[in-house]
Amino acid sequence: MLSRTADHLFWMSRYTERAENTARMLDVHVQTGLLPQSVEDVEKGWRAVLGISELTHAYDKKYDVLTQKDVIDFMVRDPSNSSSIASCLKQARENARAVRGALTTEAWEIQNATWIKMQGYLQTNALEQNPAEFFEWVKHRSHLSRGVTIGTMLKDEAFHFIRLGTFLERADNTARIIDVKFHGAKESSYMKGQNGQQQSQQIRRQQSQDQDAIAADPQIDFYYWAAILRSVSGFEIYRKVYRDVITPARVADLLILRPDMPRSLLSCMEQVVSNLKHVHNDISSDTERFAGKLHADLKFSNLDEILDAGLHDYLTRFFDRIFELGNRISRDFLVPLNT
């Protein structure tokens with residue numbers, strides 16, 4: 001396959017996944033914003049949303065104050081924000097159009113129709129009237145795109161580059177959510193005044209002392225961790241797996257190390273490694289080995305080891321390695337980064 005074709009397919013799927021991830025985060029924060037909380041906590045929550053996507057600086061350059069309305073507008077429709085939902089869906093559609101012949105008719109029509117309907121949304125006040133409905137629509141269109149890809153495309157290199165982009169983007173997003181949200185938990189009542197090692201110890205103790213680890217306000221604590229799970233469609237999965245109170249240790253375990261959790265880091269890396277094998281070429285052995293080591297580190301780790309090393313430090317190393325993996329994939333298969 002031509003590297004430029006592979007590049008378009010890879011980024012088509014990454015942009016589609018990124019739009020869905022943004023919609024998930026915004027949807028959860030709109031819903032949790034309805035809970036009773038201080039103005040300071042509301043602002044921290046929205047700053048966390050911006051921080052996950054590394055958009056805090058860009059937002060502050062454009063807006064003097066932080067408000068829910070402005071954050072949503074910036075992350076949904078702002079053309080100057082390359083990570084906004086509108087920008088992502090536009091880029092997904094443009095990449096799909098560039099390689100129309102490599103896609104089935106159904107796969108192309110999903111991308112094209114999504115962008116056309118998005119423009120209709122942006123020209124009305126539907127987002128302001130019912131943001132939850134809009135975010136659900138974005139998620140549904142992403143699900144539809146993946147389903148049509150799996151259901152209609154030949155399992156050839158084009159298919160595997162699409163899947164590779166999806167899971168690389170998903171791994172990066174899940175890691176960002178875990179890192180930002182667990183850092184935000186430092187401000188909660190049961191973590192105040194603790195350093196990084198003490199916080200890891202606190203998280204670990206909660207694994208065996210669920211009831212004692214609940215914060216002074218158990219309802220707020222519950223909604224905080226439930227929101228994290230809902231942002232990755234993990235709330236029902238958590239209930240099925242653990243059947244008990246939501247604790248930070250179990251949330252971390254589910255989102256990092258569970259191979260049967262679709263959005264966990266381990267599950268994403270299993271898919272990345274699998275799809276890399278299907279597109280193997282003469283120069284990709286080192287990249288496959290690099291991905292295999294990252295997958296093995298997750299597969300053979302346990303939560304205690306991760307917490308002992310420091311969750312933030314562990315995730316920072318993961319960010320560096322997933323970024324390096326993306327660069328290696330671009331070098332071995334796609335259009336060079338400097339073109």
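Is Arg 24 buried or exposed, and what is its relative accessible area? Arg 24 is buried, at a relative accessible area of 4%, where buried means under 20%, exposed over 50% and partly exposed in between, for a 1.4 Å probe and protein chains only.

The model shown is predicted, so local features require pLDDT of at least 70 and side-chain atom pairs count only at pLDDT 80 or more, while totals for chains, interfaces and linings use all residues. Residues are numbered from 1 along each chain as its sequence is written, and side-chain values use heavy atoms, with hydrogens and water left out.

**View 1. The salt bridge of Arg 24 and Glu 20 in helix α1.** The closest N and O atoms of Arg 24 and Glu 20 are 2.9 Å apart; a salt bridge is a side-chain nitrogen of Lys or Arg within 4 Å of a carboxyl oxygen of Asp or Glu. Both residues belong to helix α1 and are 4 residues apart, about one turn of the helix. Helices (H or I, at least four residues) and strands (E, at least two) are DSSP runs, numbered from the N terminus. Glu 20 is buried, with a relative accessible area of 0%. A search of the whole structure finds 26 salt bridges.

View 2. Asp 297 forms a salt bridge with Arg 321, with 2.7 Å between the closest N and O atoms. Asp 297 is partly exposed at 34% relative accessible area, and Arg 321 is partly exposed at 25%. The side chains of Arg 328 and Glu 324 also meet in a salt bridge, at 3.1 Å from N to O. Arg 328 counts as buried at 18% relative accessibility, whereas Glu 324 is partly exposed at 30% relative accessible area. Elsewhere, salt bridges that share partners join Glu 17, Glu 20, Arg 24, Arg 146, Arg 170 and Arg 263 into one network.

**View 3. Aromatic pairs of Tyr 63 with Phe 74 and of Phe 161 with Phe 333.** The structure holds 12 aromatic pairs. Rings of Phe, Tyr and Trp (its six-membered ring) pair if their centres lie within 6.5 Å; planes under 30 degrees apart count as stacked, over 60 as edge-to-face and the rest as tilted. Tyr 63 and Phe 74 form an edge-to-face pair, 6.2 Å centre to centre with 85° between the planes. This pair links distant parts of the chain, with Tyr 63 in the loop between α3 (56-62) and α4 (68-76) and Phe 74 in helix α4, 11 residues apart. Both Tyr 63 and Phe 74 are buried. Phe 161 and Phe 333 are also edge-to-face, at 5.7 Å centre to centre and 70° between the planes. Phe 161 lies in helix α9 and Phe 333 in helix α17, 172 residues apart, and both Phe 161 and Phe 333 are buried.

View 4. On a 1 Å grid over the protein atoms alone, a cavity is a set of points where a 1.4 Å probe fits but cannot get out, and a pocket is an open set with protein on both sides within 12 Å along at least five of seven lines; lining residues have an atom within 4 Å of a point. Grid points are joined across faces, edges and corners, and a volume is the space filled by probe spheres set on the points. Helix α1 gives the most to the lining, with 7 residues. Arg 176 lies over the face of Phe 319, 5.5 Å from the ring centre; a charge sits over a ring if NZ of Lys or CZ of Arg is within 6 Å of the ring centre and within 35 degrees of the ring normal.

**View 5. The largest cavity.** The largest cavity has a volume of about 90 Å³. Its lining includes Met 12, Glu 17, Arg 146 and Arg 163.
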